[in-house]
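Subject: Structure handover

Hello,

Here is the structure I said I would pass on. My notes follow below it.

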Amino acid sequence: MISTAKALQKPRLLFAATIERKPYWRRFRLAVILLLVVLAAWAALEVVYMRGGVEIDANTLDIGRLAAVFVAGLLLVRVLVHFWHWRTRRDEQIRIYDQGFSWLREGEAHKYSWGKLVTIREAGHGIYLGKRPLVQWGTHRLTMADKEQFVFKPYHGDMRAFIRAVRPYAADVTGTRMGRILRQEKPVRLHPQLVAWPGGLAVGKKELHWSLLDVDREGDRLVIRLLNEKNGKYKMLRRFPVSRVDNVQGFVELATTTIEHHR
């Protein structure tokens with residue numbers, strides 16, 4: 001749990017990311033210029049060859065043409081990618097603190113304490129070389145009490161670093177909120193096939209008491225195990241992708257505490 005004493009402390013910055021459109025426009029213009037240079041050089045070479053001004057071996061000319069096509073193709077891809085990024089992305093500034101976060105987007109600043117977080121969906125993935133992201137996909141989505149949503153996407157930065165900064169505070173807040181709902185004798189739906197009730201879990205069509213369950217997170221899976229009362233061992237009941245479960249970390253912490261209490 002996160003200590004309430006932190007409310008009296010100065011907010012501590014845990015993660016920061018800034019996205020600007022201007023660099024994409026600059027890269028787009030540079031790629032266009034380079035593409036035009038390559039095409040102009042290719043055209044000039046063809047004109048000179050056709051007029052017989054320069055003796056060029058046919059094989060050498062073919063290799064030059066292939067090289068020009070290859071380079072022009074790469075530059076064309078860069079032109080399209082940078083233009084697309086410039087058109088679709090917006091200036092954003094993200095700051096994650098131990099007491100909340102600020103998110104500047106479309107010229108409007110949004111500031112929230114962690115207590116306003118209602119749902120977190122961890123659906124971002126990637127392939128990394130050490131601390132460097134090589135390829136990332138998916139998103140991390142935060143939904144607040146006022147229905148405002150904030151989506152962290154691969155181009156915002158390192159998705160692992162973002163979720164590491166957010167997860168402990170999100171788990172504390174969502175776990176506490178789910179526990180309060182359960183104490184009011186109300187269910188909490190985490191997935192279409194997973195609902196928490198005051199007395200246990202509904203997994204698919206099965207309703208099981210907390211004392212018979214074991215809940216854990218293993219990598220990108222939420223794992224539910226069922227106790228075999230005959231031999232005292234647990235067997236696999238269901239695996240859920242973390243990316244499809246709401247508030248998974250808060251649920252795991254709540255379920256672990258609740259199961260221990262019932263045992």
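How many residues lie between β5 and β6 in the hairpin they form? There are two, and Gly-130 in that turn has a positive phi of about 65°. Please keep in mind that this is a predicted model.

Strands

β5 covers residues 117-129 and pairs with β6 in the antiparallel sense, over 12 bridges. Within that pairing, Ile-127 has Val-135 in β6 as its bridge partner. β6 also pairs with β7, again antiparallel, over four bridges. There, Arg-141 is bridged to Val-151 in β7. The hairpin of β6 and β7 has four residues between the strands, and Lys-147 in its turn has a positive phi of about 75°.

Asp-146 is found in the loop that runs between β6 (132-144) and β7 (149-152). A polar atom of the Asp-146 side chain lies 3.1 Å from the backbone nitrogen of Glu-148. The C-alpha atom of Asp-146 is 19 Å from that of Gly-107, a residue 39 positions away along the chain.

Aromatic residues

The whole structure contains 14 aromatic pairs. In one of them, Phe-15 and Phe-152 have ring centres 5.7 Å apart and planes at 70°, so the pair is edge-to-face. This pair links distant parts of the chain: Phe-15 is in strand β1 (residues 13-19) and Phe-152 in strand β7, 137 residues apart. Phe-15 has a relative accessible area of 10% and is therefore buried; Phe-152, at 0%, is buried too.

Phe-101 and Trp-103 make another edge-to-face pair, because their planes are at 80°, with the ring centres 6.4 Å apart. Both Phe-101 and Trp-103 are buried. These two belong to a cluster linked by ring pairs, which also takes in Tyr-112, Trp-114, Phe-150 and Tyr-169.

Charges over rings

Two arginines are worth a look in the viewer. The charged end of Arg-21 sits over the ring of Trp-86, at 4.8 Å from the ring centre. Arg-160 places its charged end over the ring of Tyr-128, at 3.8 Å from the centre.

Regards

Conventions. Residues are numbered from 1 along each chain as its sequence is written. Side-chain values use heavy atoms; hydrogens and water are left out. A polar contact is a pair of N or O atoms within 3.5 Å; within protein, one must be able to donate a hydrogen and the other to accept it, and residues adjacent in sequence count only if both atoms are side-chain atoms. Rings of Phe, Tyr and Trp (its six-membered ring) pair if their centres lie within 6.5 Å; planes under 30 degrees apart count as stacked, over 60 as edge-to-face and the rest as tilted. Buried means under 20% relative accessible area, exposed over 50%, partly exposed in between (1.4 Å probe, protein chains only). A charge sits over a ring if NZ of Lys or CZ of Arg is within 6 Å of the ring centre and within 35 degrees of the ring normal. Two strands pair if DSSP finds at least two bridges between them.
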